[in-house]
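Here is a friendly walk through the structure for someone meeting it today. Please keep the 3D view open while you read the points.

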Amino acid sequence: MLTLDAEVTYRFTNRTADLKLNRQSYHWLQAQITQLANIRVTDNEIDYLTEHCSYLTPEYLKFLRTFSLHPKEQVELSFQPSTPTDNESDSDEGDIALFVKGRWLDTILYEIPLLALVSEAYFKFCDTDWDHEGQVDKAYEKGLRLLEAGCSFSEFGSRRRRDYKTHDMVMQGLQQAKDEATKRSFSGKWAGTSNVHMAMKHNMPPVGTVAHEWFMGIAAITNDYTKANETALQYWSGTFGRGVLSIALTDTFGTPDFLKAFKRPAPPGHSRDPSLDKPNPSFAEVYTGTRQDSGNPYEFIKRMRDFYDEQNITVPKTIVFSDSLNVDRCIEYMHATQAAKLVPSFGVGTFFTNDFTKRSSGEKSVPLNIVIKLFEADGKPCIKISDNLGKNMGDSELVAKVKHELGYVEKSWSGGDETKRWGSAKD
């Protein structure tokens, strides 16, 4: 029986070329992390979750009422100056090391606030050549273009946002775009936001998908990479029910291996859709669709179309794209997906919440490419093997072993350079 009592370690990783924080940003970040201990879920928030997130059980909501983070015991943050000196200065540049340690149950909620704080620290004290002017209008223009083109999209920008104020302004701009699109009968849809606080504040649906760490943690704890995808799908579907929160993330150990598990029978379970209650449906049948988060999106569209055809699945299935999106890419992927008779949807993140130019030159103020992933679970290393080489991470010997075990074929593509994910100042 899998539980969330396993001891885990998360590690912060910077993929941004030549990123350096300064000591002032480190001290501010340290203070903000300490303040996370004061966060509590309010009664109003519990009421909101009860009404809008019916998949959360009363037992879980009871747990949330008393849940708290303990950063002094769980978070390790340190600063390594690039040039050691006896005379410390706020302007000293260097690297940060950031780890989270504790039970999976107690530490799983750290990733989003920690990444958001790291990004805010950098742009508050290191890259300060920007301001908030025009952010509402920018979000409005992007949202309106997407809605006019017929795109269905969600806002996924919490982790790498410039700061809270920017995020709030983006939500305002998207709301204005939604209102205008309604007046003009545009066919697109703003489906919601993955930030539940922003969803509550701006009266939008809270939406999201499963994270890579679910598969990574299960693989490490069970020490069985050949069955990790199937085990993760079983527990997820068994917990929430068939057809609930049912967008499958395919690329933790490569999409080809995932699809082997996707063919397998889903566990018996309750369903809100009677059509999913037939005997022994596969995961591919009971899941609404899949999420594309690495590799070549056009190859992914073809792979999923071929897969559903091979499985004789004729019900329209969704692909949620979430990898480095902007307006043009969303529109291009929408047309390609519709041509394959699949349903496109988009989780747009950094392009919404961290799209700035430098005040002094008008050049692009490049967002950070930062992640926090499971590093270890139950004393064993955690790895991630994506659909392109740039997103692979974890113990190199274990990565090589699992690749061989799964028959993984290495992939790379032109959009897979993680050090230049958000472009450069001259773009």
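1. Which handedness does the crossing of H1 and H6 have? The crossing of these two helices is right-handed. Please bear in mind from the start that this is a predicted model. Helix H1 covers residues 23–35 and helix H6 covers residues 111–125; the two pack at an angle of about 145 degrees, and their axes are 9 Å apart.

2. Now look at the residues in that contact. H1 contributes Gln-24, Ser-25, Trp-28, Leu-29, Gln-32 and Ile-33. From H6 come Leu-114, Leu-117, Val-118, Glu-120, Ala-121, Lys-124 and Phe-125. By class, the contact of H1 with H6 holds 8 nonpolar, 3 polar and 2 charged residues.

3. Two of the pairings can be followed in detail. Strand E5 (residues 152–155) is joined to E6 in the parallel sense over 4 bridges, and Ser-152 has Lys-189 in E6 as its bridge partner. Strand E8 (residues 289–292) runs parallel to E9, and 4 bridges join them. Gln-292 stands opposite Phe-321 in E9.

4. Strand E9 (residues 318–321) deserves a look from both sides. Thr-318 and Val-320 point one way, while Ile-319 and Phe-321 point the other way. Are these residues buried or exposed? All of them are buried.

5. Next come two helix pairs that share H11. Helix H10 (residues 212–222) packs with H11 at an angle of about 115 degrees, with 9 Å between their axes, and their crossing is right-handed. On the H10 side you will find Trp-214, Phe-215, Ile-218 and Ala-219, which meet Ala-228, Asn-229, Thr-231, Ala-232, Tyr-235 and Trp-236 in H11. This contact divides into 8 nonpolar, 2 polar and no charged residues.

6. The other partner is helix H12 (residues 255–262), which packs with helix H11 (residues 228–240) at an angle of about 50 degrees, their axes being 8 Å apart. H11 is therefore oblique to H12. The crossing of H11 and H12 is right-handed. Here Asn-229, Glu-230 and Leu-233 in H11 meet Asp-257, Phe-258, Ala-261 and Phe-262 in H12. The residues of this contact divide into 4 nonpolar, 1 polar and 2 charged.

7. Finally, please find Gln-74, which lies in helix H4 (residues 71–74). Gln-74 has a relative accessible area of 9%, so it is buried. Which residues does Gln-74 contact, leaving aside its neighbours within four places in sequence? They are Leu-69, Phe-99, Val-100, Lys-101, Asp-106, Thr-107 and Tyr-110. As for Ala-211, it is 137 residues from Gln-74 along the chain, and the C-alpha atoms of the two are separated by 21 Å.

Conventions
Residues numbered from 1 in each chain as written. Predicted model: local features only at pLDDT ≥ 70, side-chain atom pairs only at ≥ 80, totals over all residues. Heavy atoms only, no water. Axes fitted to C-alpha atoms, helices over the stretch in contact; angles between N-to-C directions. Parallel < 35°, antiparallel > 145°, perpendicular 65-115°, else oblique. Left-handed = near helix turned anticlockwise from the far one by under 90°. Contact = heavy atoms within 4.5 Å. Nonpolar A, V, L, I, M, F, W, Y, C, P; charged D, E, K, R; others polar. Buried < 20%, exposed > 50% of the residue type's maximum accessible area, 1.4 Å probe, protein only. Pairing = 2+ DSSP bridges.
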